[in-house]
Amino acid sequence: MALLGLDIGGTKRVLVIGERVGERDGDHTIRPLVRRRTAMRFSGDWRVDLASIVADAEVLVAEARAGGCGPLEAIGVAAPGPVDRGAGLLRNPPNLPGWRDVPLAQVLGEAFGIPVRIENDANAAALAEHRFGAGRGTEDMVYLTMSTGIGGGVVSGGRLVVGANGFAGELGHMPVVRGGLRCPCGLRGCLEAYVGGQAWAKRLRRRTPDSSRIHALAGGERAKIGSELLLAAAEEGDAFALAELARWLDFLALGIASIVMAFDPERIVLGTIAVAAGESLCFAPLRERVRALVWPGQSERLEIVPAALGAELPEQAALAVADAGSGFQANARPRA
Ligand SMILES: [Zn+2]
């Protein structure tokens with residue numbers, strides 16, 4: 001049986017059809033068969049935008065059928081939160097202009113006549129890393145997206161934790177400083193305000209001295225300064241970059257210590273910026289910091305590792321949501 005995945009983002013959308021491989025034992029993977037990545041264009045009316053997505057999906061389904069693909073079983077959507085899983089609604093994602101209370105499950109369900117599952121993009125990415133990536137084989141895993149912002153997803157006892165109001169896993173908004181820096185979410189002192197890519201870039205643009213290697217790598221253009229150039233300068237041993245990296249690791253370790261206390265995971269999987277920083281700049285010093293903040297019994301078996309899916313993540317995330325065996329379904333009870 002085949003699955004249709006749709007990843008909706010602020011700048012692009014990915015449609016993919018995949019087929020389960022190695023079924024029966026419950027530990028299958030999904031092999032993507034056909035995909036279509038296009039720019040996301042906003043007309044101001046979600047009905048128009050969604051109709052264009054449905055049209056794209058119909059073309060893709062026809063293409064997959066022509067290639068011998070079996071019938072579609074389910075649709076999975078990964079979209080910027082907040083989502084209402086039970087009602088199949090996309091609420092009011094700030095980076096999708098004109099999209100408000102969009103009945104995604106209803107529209108897609110009517111178009112294709114199969115079940116539709118919806119999940120916010122960070123949870124969907126957590127499911128994908130758990131099912132097909134760096135979290136594979138674990139029962140208790142926490143995933144942190146680490147790009148512009150900090151998103152999270154918690155898999156506990158093999159199931160995605162969604163919470164009473166659907167907001168579980170918002171790990172980027174755990175407070176790490178009382179009355180601290182303003183976060184884009186409106187609160188103060190969130191982890192994201194200290195380790196999120198956007199927040200970090202803003203700080204670095206303001207604070208990087210002209211004498212730092214970061215400044216030279218940016219060709220003197222402060223607008224170019226961000227985590228990438230910081231990591232390059234740290235690699236070269238630049239003192240300012242190393243001090244900034246140490247501060248970033250300190251805050252990240254604080255956040256991870258709270259995650260360890262709350263969930264006692266077997267594995268913590270870190271995305272983009274951590275992946276770019278790698279073992280020596282990020283993972284080795286981070287593990288050491290976390291070890292100092294938790295009990296020995298908690299850190300003994302704890303693995304902190306880079307995400308594995310890379311550029312494949314959006315399509316794998318949407319397919320993981322579509323996949324009934326992902327553990328998502330059991331949590332997605334419709335509201336009474
Ligand atoms: Zn926040």
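Visitor: Across which strands does helix α2 (residues 104–112) lie?

Guide: Helix α2 lies across β4 (72–79) and β7, and its direction is at about 150° to β7. Such angles run from 0 to 180 degrees between N-to-C directions, with axes fitted as lines to C-alpha atoms, for helices over the stretch in contact. The model is predicted, with local features requiring pLDDT of at least 70 and side-chain atom pairs pLDDT 80 or more, while totals for chains, interfaces and linings use all residues. Residues are numbered from 1 along each chain as its sequence is written.

Both strands belong to an open sheet of five, ordered β3-β2-β1-β4-β7, with mixed pairing. Strands here are DSSP runs of E with at least two residues, helices runs of H or I with at least four, numbered from the N terminus. Strands of a sheet pair through backbone hydrogen bonds, either parallel or antiparallel. Two strands count as paired if DSSP finds at least two bridges between them. The edges of the sheet are β3 (29–39) and β7 (116–120); each has a single partner strand, so one side of each is left without a neighbour in the sheet. On average, neighbouring strands of the sheet are turned by 20° against each other, direction ignored. In one of the pairings, lysine 12 has alanine 39 of β3 as its bridge partner.

The wider setting may now be described. The protein chain holds twelve helices and twelve strands. The chain is divided into domain 1 (2–127 + 312–331) and domain 2 (136–308), with bounds from an automatic or database domain assignment. The C-alpha centres of the two domains lie 28 Å apart. Their contact (C-beta atoms, placed from the backbone, within 7 Å) takes 13 residues from domain 1 and twelve from domain 2. On the side of domain 1 that touches domain 2, α3 (121–132) and α12 (328–331) are the elements giving two or more residues. Of these, α3 supplies the largest share, six residues.

For the chain as a whole, 44% of the 336 residues count as buried, meaning that 20 or more other C-beta atoms, placed from the backbone, lie within 10 Å of a residue's own. Along its principal axes the C-alpha trace spans about 60 × 45 × 40 Å.

How values were computed:
Contact = placed C-beta atoms within 7 Å. Buried ≥ 20, exposed ≤ 12 C-beta atoms within 10 Å, placed from the backbone.
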